Every structure is written in C-alpha cells, then in structure tokens.
Amino acid sequence: MTPSVAGPSGRPPKFSEAARTALADTQLRRNLAAATHTIRERRAAVVDEVADWEDLRDAGAAVKDRALLRLDSALEELERSVVEAGGTVHWARDAAEANAIVTSLVRATGETEVVKVKSMATQEIGLNEALAAAGITAYETDLAELIVQLGDDWPSHILVPAIHRNRAEILALFQRAMPGVPPDLTDDPAELAAAARAYLRERFLTAKVSISGANFAIAETGTLVVLESEGNGRMCLTLPDTLISVVGIEKVLPAWRDLEVMLQLLPRSSTGERMNPYTSTWTGVTPGDGPQDFHLVLLDNGRTGALADEVGRAALRCIRCSACLNVCPVYERTGGHAYGSVYPGPIGAILTPQLRGVQSALDASLPYASTLCGACADVCPVRIDIPEILVHLRGKVVESRRHRPVPTPEMLMMRSIAWTMGDRGRYESALAQTVRWGRLLSRGGRIRRLPGLLAKWTDARDLPMPPRQSFRAWWRRR
Amino acid sequence: MTAAREEILARVRAALAGAPEPPEVPRDYAVRLGGPEFESRADVVALFTERVADYRASVRHVAADELGTAVAAALWGREAKRIVVPSDLPYGWLAELDGVQALADSSALDPPVLADLDGVVTGCAVAIAQTGTVVLDGGRAQGRRLLSLVPDYHLCVVHVDQIVGTVPEAIDRLDPYRPLTWISGPSATSDIELSRVEGVHGPRTLEVLVVED
C-alpha cells in the first residue's frame, strides 16, 4: 500500500524549474495578481470585523488537535454514529483502494454517470480517471472544476481551481468544449455562469449517483458538512438516490459544538464572506428526504504517516481554506501548477511531501518553495506554523540524502565547511583566504558574481565586499 | 475491508505513541452579540436585516396580520403562476393568494416538475443575525431539502423569535440529526476572476420576510 497524490501527468520538474516557466507567462501573472489581491482584501475586511478572531483561531487549532491526538477513538466514534444513522462506512488505506471502493459502489447501482461536488480528496486520489477507466463518466459540477475539466486542465488553487484563467479564456473554452452553448455568449461572468447552469441542469435533475467530499465529519453525531456557494453541492447532496462521500481521516471533529468555531473561521478565511451561500449538513439518511443510500469512504493515503511526525502533524489541521495561497508572495507569482500536486501553495508545500514522501526531485524541492516570510502562518485560521514545518521538512530532505552513495554538491560543501570550522587554525586561514578572494572578485564595493556552484547565491542578489580585515584580526591588533 | 480498517487504526495508534494529551478547547470567543449596540432584540433583528441585504437578497419587515398580503404581493411581483409549498405550511400564509396556484409538496413532485414551477415559500428553523443566514431543518413549514433548491425563486418567512445573534447560538438551537441547509443569500459564484455573480444552480432570487410579533 503506497500513498499517491495526483499531480500533472508525466515526470514533473522540480519546483524551481516549473516556476521559471510560470514566471515567463505574463498573462498568468496578471490573472493571478488580480485574483489573489482581490480575495486577500476581501478576507481582511471580514476578518477585521470579528473582535474575537484570535480566540476563534485558538479554539480552531485546539479542536483539530483534539481530534488528531485521539484520532483512533474519534474515527471509531464517527463510524459508529454514521452506521447508527443508516449510513455505510468503508476504509481505504490508499488512493487505489479508495478508487476501487467507489468504482464498485457506483457499479452496484448500474449507473454509468455520476455528478460530483468539488472535493480535494477525490482529486488527490485521481478518482475521475479511475472511474473513466471503469467506463463511468464523472461530471464536475462546481463552475471552476467544470472549467478545469472541460479544458483538460489542471487545478491551480484549492478554492478556485481555475484561478489561472481569465474570462476571455473561459469564453473560448466554453465555445469549444461545452455542448449546446448559446451562439451569442459573451465573456460577462454572469452569462458564463448562466451557460454553466443550463449545461448542468439536466444532469442534476436526472442524476442517480453523486460523489462528494466533506469539509467536516463530526464524530459525536455522525454528521457530514459541506460548504459551497453555487448550489451544485446541494443538488448533488439532495437529488440523487445514492451518495458516496470520500473523506480524509483528518476531517473529523470531536463534537457538534465544534462546528460553531469552524463555520466562523472557514468562510471568512476562504471566500472572504461572513458566510458562504450554502452549507449542508446530513447525518446518515433521512427517510423521504435526500439520498436513501449513503456511503462514507474514510481515506488514509499517507495521512497516518504525517500524523507520526510530531512537528509535521500540525499540517493535518488544515481546513483547505486557501488563505495561505492568497497571501503567499511565491504563489502569487508562480501560480499553482508549479507545485505539481492538487495541493499547491504554502500548505501544499508541507502537505504533499508528507503524503507522498520526499523521494522525487519535485517533492524534495517543495519545502524550499518558500521565502519563509511567514504571511501564511499569520492568516492560517487553525494556526498551522507553516514556516516551522517547511524548515523541519528541509531537514528531512537533507536527512533522506545523507545515505546516498554519491553525496550532493551541497552536502560536500557543508561537510567541508564543517571540517574548516571545526578547528581554529583552519577557520582563521580560510577566513583570510575568503577575504582576499572576496576583495579580488568585487567591483565597486559589491560582489556581483561568485564562481562555480556559489553562483546560485549571486544569481538573485549581490554580496557586499568583505572588509579589509576580519573582526578577529582587528581584535588581535588592538 | 476490515483489514483496511484495522490497519489504518493500528497506524494511527502507532503514529500517536508518545504523543501529548489532547488539549482542552479554549472557548473564549463570543457566544452572544456583545456591546452597547446590541442591547435589545430590535438591534439583533436590525443586524439580521442589514446582513441579509448585503448578500443582495431582498428583505422586508411585515406585521403578523399582514403576512398573507405580503406573501401574495411578493409572488404577484414575480408574476408567479404555480408555486410549491411544504405540505404543512400554515394556511394563513397563503390566505390572500389570488391567481397563484400553490401545490402542496408530495413525493409525486419530482425534480423536473419542481424545476418548472415559479417558486417556493417556506419558513425556517433558525436565522442568524451576524451572518445574515437562514437555516432550514426540514421541520414545520420547511419540507424536503429539494423544495428550497430546485425552483428558481425562494420566499423565506422568518419570525423574529427565530433570529439569534451568532453562529454558536444557532448551533445550540439546531438538531444535528436533522438534515440542515444554511442559506446566506442567493446562490453565487466567484469562480471567474473572483468576480461575484449571484444566481447559479440554487434559486437565483431569495426574498426574506421578517414577521414582527
């Protein structure tokens, strides 16, 4: 059993290479800058009006920790509650197992089409592709997911997966790929949304099976919670006969009351609204109202590995609000695709390597996809110290390479520095050499280019010319 | 199947070996609306009205004895001909309806039929001032969840005693074992350049009538 988190197909390049391509795309940078700045301001405005915001963050972090630090009993309680309320609970160790469970549940209904509510968990496991391989068509119903699906594109943001597309691009896509699109459609967002409404209406009204994720699952009562805006979620959660929800095991909250914290933190942090238009909660099945067959698939897929890391486990508090993406100076410029995972941005940089491991070049590069400025930690509604975990994971990346037969250049350099600094004589003579060479290399008081591997440092910044004598030399002479 | 369950639980237990005790949840956040501006019920109701209107939903106050007229006027304003109502909607709400056919909900009304109707009238279980939210729980005058979803127009009647100040007060009043729908304004999307568009799959128009005692 190996966890897998979906990313763009092929062998993805490491972050710094992918970022270079993204940075060269001026249209992308314009789209992203406009979008992230808009949502950043919107969030700040609705957070500022909440006097007890910091108390809510404290409570939110503690609620999640309380669930995570007794996750075994919380999951058992959740299972019991859901079964008592008439649902069925399945457990999936990894993506392949979850996909197999969902595929067989859909097959059992005899249907070959399903409608889907936007869900990170099902994206993570590549469910749509697995269903397609089994001859089942999955229709994404969230507008941004629909844009991504029709364009055979890859999501670039947790909340707004098509954030990298502007209205003109979306119009062109609808004209090309959406059957029955009105011929006089313009790029007015209201018209584009109306076209999506018309396109999906028929599917909603006839769908027999739907697939969702969940924002929260409450152990005490067995209640699942989905927050959304468009009503596509309500359509999927209410109209079909069968509902299958794929939920990561870290989504559990201990008690019903905990929802009073999360329903204040999440909408303000994610869409910058006091409350999102629609929130649905359901507990098992309700006779005569909504799906009469409900399945909950609990997904591990690497989460227990993250849970075992006492620093890294805080990442499992994440409620997928995407506030950290919106404030991140790196994300704002590179966009989400460079992160090579369904989880982009700062949270992706700590979540993906923990779920997938740091063996691949891409995953090992993700903890470095940050300037450690800390803006993400400031906005995180559940107080995840993202910079701390990034640094911790950088340590893990280095550690994982320590036993390679051929050491990395960085490691060779660090080893020689350690050797040099381990002895006073060696250190002082190295210092004298550094000062001499540094002064030779500098022009106009600055070093603009270092030789060899060290050039990476000066690619992005100058170094000041070292002073004529070191502190030690000066001290000795006074 | 059980193998997966046992293995995941075993992994969780192994991962948590030596982990600290789970913390108590500090609940220092506000449970009620505080401050001098919320001294009376009327202040809470006024905040609800303001916040609902912020979502570009229409909201009006009516006296209890004017409710029938207000419901009829709202429907006439929409030129609604056929609407659906929960089967237990109080008769008085529709007493003034003239020229509008109100179908009482039954299992015979499937989604395609509901989609062709001009609207729905429901009550609610709780309303939240701070967020401008109405919550439906399938109880009296609310009916099945799809009633307030499939028709394009939703007229929601809120009695002032159903309005609470905050989300924690609402959670305290609600029953988690009922299917709940929290509605804050008409359906909307910001998926295109984050520019907000009201009206996607859910009702494109939401009207709220606040009934004073």
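# Exercises on a two-chain model

Gly425(A) sits in helix 21 (residues 424–441) of chain A. The model is predicted. Work through each exercise with the structure open.

## Exercise 1: Gly425(A)

Decide whether Gly425(A) is buried or exposed.

Solution. 
- Step 1. Count neighbours. Gly425(A) has 7 C-beta neighbours inside 10 Å.
- Step 2. Recall the cut-off. A residue with 12 or fewer is exposed.
- Step 3. Conclude. Gly425(A) therefore counts as exposed.
- Step 4. Gly425(A) and Arg468(A) are 43 residues apart in sequence, and their C-alpha atoms are 19 Å apart in space.

## Exercise 2: two buried residues

Solution. 
- Step 1. Count. The cut-off for buried is 20 or more.
- Step 2. List its partners. Setting aside residues up to four places away in sequence, Arg234(A) touches Tyr278(A) and Ser280(A), along with Leu149(B), Thr181(B) and Gly202(B).
- Step 3. Check a distance. From Arg234(A) to Gly180(A) is 54 residues in sequence and 24 Å in space, C-alpha to C-alpha.
- Step 4. Turn to Cys328(A). Its place is the loop between helix 14 (323–327) and helix 15 (329–334) of chain A.
- Step 5. List its partners. Beyond its neighbours within four places in sequence, Cys328(A) contacts Gly345(A), Pro346(A), Ala375(A) and Cys376(A).
- Step 6. Check a distance. Cys328(A) and Ala207(A) are 121 residues apart in sequence and 39 Å apart in space, C-alpha to C-alpha.

## Exercise 3: helix 8 and the residue after it

Find which residues of helix 8 of chain A are buried, and what phi Asp152(A) takes just after this helix.

Solution. 
- Step 1. Count. Seven of the eight residues of helix 8 of chain A are buried.
- Step 2. Name them. They are Leu143(A), Ala144(A), Glu145(A), Leu146(A), Ile147(A), Val148(A) and Gln149(A).
- Step 3. Find the cover. It includes strand 3 (137–140), helix 9 and helix 10 of chain A, together with strand 10 of chain B.
- Step 4. Move on to Asp152(A). Just after helix 8 of chain A, it takes a positive phi of about 50 degrees.
- Step 5. Compare with the rule. Most residues other than glycine have a negative phi.
- Step 6. Asp152(A) has 8 other C-beta atoms within 10 Å, so it is exposed.
- Step 7. Find a case in chain B. Phi of Glu79(B) is near 55 degrees, also positive in a residue other than glycine. Glu79(B) is in the loop between helix 3 (67–77) and strand 2 (82–85) of chain B. It counts as exposed because it has 9 C-beta neighbours inside 10 Å.

## Exercise 4: a helix pair

Describe how helix 3 (residues 53–68) and helix 12 (residues 259–270) of chain A pack.

Solution. 
- Step 1. Take the geometry. The angle is about 115 degrees, and the axes are 9 Å apart.
- Step 2. The crossing of helix 3 and helix 12 of chain A is left-handed.
- Step 3. Name the contacts. Leu56(A), Ala59(A), Gly60(A) and Val63(A) of helix 3 meet Val261(A), Met262(A), Gln264(A) and Leu265(A) of helix 12.
- Step 4. Sort them. Six are nonpolar, two are polar and none is charged.

Conventions: Residues numbered from 1 in each chain as written. Chains lettered and ligands numbered in written order. Predicted model: local features only at pLDDT ≥ 70, side-chain atom pairs only at ≥ 80, totals over all residues. Axes fitted to C-alpha atoms, helices over the stretch in contact; angles between N-to-C directions. Helix = DSSP H or I, 4+ residues; strand = E, 2+ residues; numbered from the N terminus. Left-handed = near helix turned anticlockwise from the far one by under 90°. Contact = placed C-beta atoms within 7 Å. Nonpolar A, V, L, I, M, F, W, Y, C, P; charged D, E, K, R; others polar.
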